[in-house]
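Good morning, and thank you for coming.

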Amino acid sequence: MPVYRYCLLTLVCPLLLFWGCGSGENHQKEVVASGTIELTDGWARPGAKGMMSAVYLTIRNKTAYPDTLAGVSSDVAREAEVHESYKGENGMSAMRPAPDRVIKSGDNLYLQPGGLHIMLIKLKDDLAAGDSVNVLMEFRHSGARNVRLPVQAQR
Amino acid sequence: MLYLPVMKPINLMLWTFAALGISLSLAACNNPDTIIDLNNHSYELLNEDSSAVRFPGDYSGKTTLITFIYTHCPDVCPVITANMKNIQSELADTSGIRFVEITFDPERDTPSVLAEYKDVYSLNHQFSLLTGQPPEIDSLLSKLNIVAEKARIDSLQQDSSDYFMRHSNTIYIMDKQGRIRTEYPANVVPPENVIEDLQKIR
Ligand SMILES: [Cu+2]
């Protein structure tokens, strides 16, 4: 057991060190080659009129400064908010608002099932797979960004 | 030399006990123990087509995957439903298997709302979405150790019918005799883990 643990440590520590160095370098390069907020891999869940949907996407800050996701809205829903699903005591699932998320220069903010999402509250109409939705995102520094995203049951 | 005839039976006994212990624990691995026995219980529920369902009686003779959702859940519950569908589609043979999703929000999840959900997520005839009178659902959930409570998100100006829920995140396998045998974290369990147990229990 102690021998095994020692071997594991000698193996893992240098790996971690290298990994740390590597990602630091990448981080620097990307910031230099930057310019805008990039929105990719976006999609929305289907839902019936009056019900909820969730929007997922990856937000990449390619500007030289930190930015903040300050607000969201959509023409298909009465309200929209950034939320976060989380695991509480005894593995219970719950949701809480996640306003004003800061994205550092060069970083990604991942909105994914079971985590951060834009919640569309009280859909004005049925949303079915194959439809698309407009989502407006307000960034504190970069301003407003509009994206059109496909509706899919699952990705 | 003199001890040997004496030692041998004792050794033999010890080994027999050890072997018995090992085989018992192996048997337990192969055949998961009962977590909850619903055998002598019956709940009057409603299917998404409004027909009456006696639970678990109507599922006796079937091996049933059971999970818990509410349709106003926009993020985690669709992942649970997708996972149930993945288990179904990765099973080579689904004969004798049923998929049940029970709402823990019976006030809003009427049969017609559940029918809509079933349609949105393209769930086939092997799926049943069950609701019922709130007290009946409550007593079933507490028997099944499922916790669900209303929660509000303060930033939203909501009236009393607007709420989210804090809820357990569980898939169960119920055997042909109405006994709950295994339990999984519903939105993250890999389908193959559930399928492996299903094959032993079915
Ligand atoms: Cu949400």
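**The interface between chain A and chain B**

Between them, chain A and chain B bury about 2,200 Å², and 64% of this lies on carbon and sulfur atoms. Buried area here is the accessible area (1.4 Å probe) that two parts lose on being put together, summed over both. In chain A, the residues that lose the most area to chain B are Met51(A), Met92(A) and Ser93(A), together 26% of what that side buries.

Before I continue, a word on conventions. This is a predicted model, in which local features need pLDDT of at least 70 and side-chain atom pairs count only at pLDDT 80 or more, while totals for chains, interfaces and linings use all residues. Residues are numbered from 1 along each chain as its sequence is written, chains are lettered from A in the order in which they are written, and side-chain values use heavy atoms, with hydrogens and water left out.

Counted by residue, 30 residues of chain A are in contact with 26 residues of chain B, contact meaning heavy atoms within 4.5 Å. How many salt bridges are there between chain A and chain B? The count is zero, where a salt bridge is a side-chain nitrogen of Lys or Arg within 4 Å of a carboxyl oxygen of Asp or Glu. The rule does find seven residue pairs in polar contact across this interface, both residues at pLDDT 80 or more. A polar contact is a pair of N or O atoms within 3.5 Å; within protein, one must be able to donate a hydrogen and the other to accept it, and residues adjacent in sequence count only if both atoms are side-chain atoms.

**Asp75 of chain B**

Asp75(B) lies in the loop between β4 and α2 of chain B; helices (H or I, at least four residues) and strands (E, at least two) are DSSP runs, numbered from the N terminus. Asp75(B) is buried yet has no salt bridge, and the nearest side chain of opposite charge, Arg45(A), is 5.0 Å away. Buried means under 20% relative accessible area, exposed over 50%, and partly exposed in between (1.4 Å probe, protein chains only). For charge, Lys and Arg count as positive and Asp and Glu as negative, with His and the chain ends not counted.

Which side chains make polar contacts with the side chain of Asp75(B)? They include Ser85(A), at 2.5 Å, and His117(A), at 3.3 Å. Among the other residues that Asp75(B) touches are Tyr56(A), Gln112(A) and Gly114(A).

**Helix α5 of chain B**

Helix α5 of chain B spans residues 191-201, and its buried residues are Pro191(B), Val194(B), Ile195(B), Asp197(B), Leu198(B) and Ile201(B). Seen down the axis of α5(B), these fall within an arc of 165°, so they line one face of the helix; the arc is that of the directions from the helix axis to the C-beta atoms. The elements covering them include α2 (76-90) and β5 (97-103) of chain B.

**Backbone details**

Most residues other than glycine have a negative phi, and most peptide bonds are trans. Asp41(A), in strand β1 of chain A, has a positive phi of about 55° and is exposed, at 53% relative accessible area. Asn145(B), in the loop between α4 and β7 of chain B, has a phi near 60° and also counts as exposed, at 55%. Finally, the peptide bond from Phe55(B) to Pro56(B) is cis, with omega near 5°, and Pro56(B) sits in the loop between β3 and β4 of chain B.

Notes
Lists of a residue's contacts leave out its neighbours within four places in sequence.
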